[in-house]
Amino acid sequence: MTGATGATGPQGVPGVTGATGSTGATGPQGVPGTTGPQGASGATGATGATGPANGLQSYGGIYSDAPQTLNLTLGGTAQIPMPSTMPVKNVAYTPANSVTVSTAGVYEIVFSTSLSAAVGTTVTLAVRRNGTNIPGAAISRLLSVGIGTLYNGNVVVSLNAGDVIDMAISALVAVGITLGSGTNATLTVKQLN
């Protein structure tokens with residue numbers, strides 16, 4: 001026959017910790033959370049500098065395409081007639097045979113003509129501002145009898161509002177000067193700034 005259970009003995013000393021087991025497989029990714037509310041708008045930045053204006057601010061031109069003869073007097077000057085006009089912006093074509101600028105600024109002036117003389121002599125072509133030759137825009141050439149000679153060039157100058165630009169010829173002797181057929185004289189201005 002089994003006897004009665006004896007009293008429980010004292011607890012033994014804890015054993016050594018066992019080795020760590022291997023890491024288990026990664027679980028599936030959870031469902032994304034809902035998008036949070038939009039943040040407040042930031043302050044408006046400063047306005048940038050104004051860009052350049054589009055296109056030329058002022059331009060225009062005149063020309064002649066009709067044969068003509070100008071009779072110069074001894075030491076005299078004659079304006080070259082140029083009755084035909086080109087597209088225009090902020091310039092005027094008065095007085096006749098000239099271009100009047102409406103806005104002060106720096107302009108490029110381009111000029112051209114073809115001349116022949118009745119006698120051999122030196123003839124000067126000048127682009128004028130208010131009746132005075134523009135420095136750098138006067139050309140003197142010795143013309144042979146009946147031989148067409150081309151005068152052309154360009155100059156950059158500062159002009160004031162109301163300045164009148166035209167072209168004129170002069171010689172030291174009385175002489176007939178002929179502008180031939182086709183476009184025989186042109187004068188254009190355009191504002192650079």
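Arg129 comes out as partly exposed, with a relative accessibility of 27%. In this predicted model, its side chain makes a salt bridge with Asp163, and the closest N and O atoms are 2.7 Å apart. Arg129 belongs to strand E8 while Asp163 sits in the loop between strand E10 (149–159) and E11, so this pair ties together parts 34 residues apart in sequence. Asp163 itself counts as buried, at 5% relative accessibility.

**Salt bridges**

- The count here is three salt bridges.
- Arg128 and Asp166 are both buried.
- Then there's Lys190 with Glu108, whose side chains meet at 3.4 Å, N to O.
- Here, too, distant parts of the chain are linked: Lys190 is in strand E13 and Glu108 in strand E7 (residues 105–117), 82 residues apart.
- Lys190 is partly exposed at 33% relative accessibility, whereas Glu108 is buried at 16%.
- Why does Glu108 count as buried? Its 16% relative accessibility falls under the 20% cut-off for that label.

**Rings and charges**

- What sits over the ring of Tyr151? It's the charged end of Arg141, 5.2 Å from the ring centre.
- As for aromatic pairs, the count is zero.

**A nonpolar patch on the surface**

- Leu74, Val119, Val145, Leu172 and Val173 make up a nonpolar surface patch, and together they have about 490 Å² of accessible area.
- One of these patch members, Val173, is in the loop between strand E11 (164–171) and strand E12 (175–179).
- Val173 is partly exposed, at a relative accessible area of 32%; patch residues need over 30%, so Val173 clears that cut-off.

- Where is Asn184? Look in the loop between E12 and strand E13 (185–191).
- Despite the loop setting, Asn184 counts as buried, with 3% relative accessibility.
- If you set aside neighbours within four places in sequence, Asn184 has contacts with Ser64, Asp65, Ala66, Pro67 and Gln68, along with Ser112, Thr113, Ser114 and Leu179.

Terms used. Residues numbered from 1 in each chain as written. Predicted model: local features only at pLDDT ≥ 70, side-chain atom pairs only at ≥ 80, totals over all residues. Heavy atoms only, no water. Phe/Tyr/Trp six-rings, centres within 6.5 Å; stacked < 30°, edge-to-face > 60°. Lys NZ or Arg CZ within 6 Å of the ring centre and 35° of its normal. Patch = residues over 30% accessible without salt bridge, like charges linked within 9 Å, V, L, I, M, F, W, Y side chains within 5 Å. Areas by Shrake-Rupley, 256 points an atom, 1.4 Å probe, with all protein chains shown as cover. Salt bridge = Lys/Arg side-chain N within 4 Å of Asp/Glu carboxyl O. Helix = DSSP H or I, 4+ residues; strand = E, 2+ residues; numbered from the N terminus. Buried < 20%, exposed > 50% of the residue type's maximum accessible area, 1.4 Å probe, protein only. Contact = heavy atoms within 4.5 Å.
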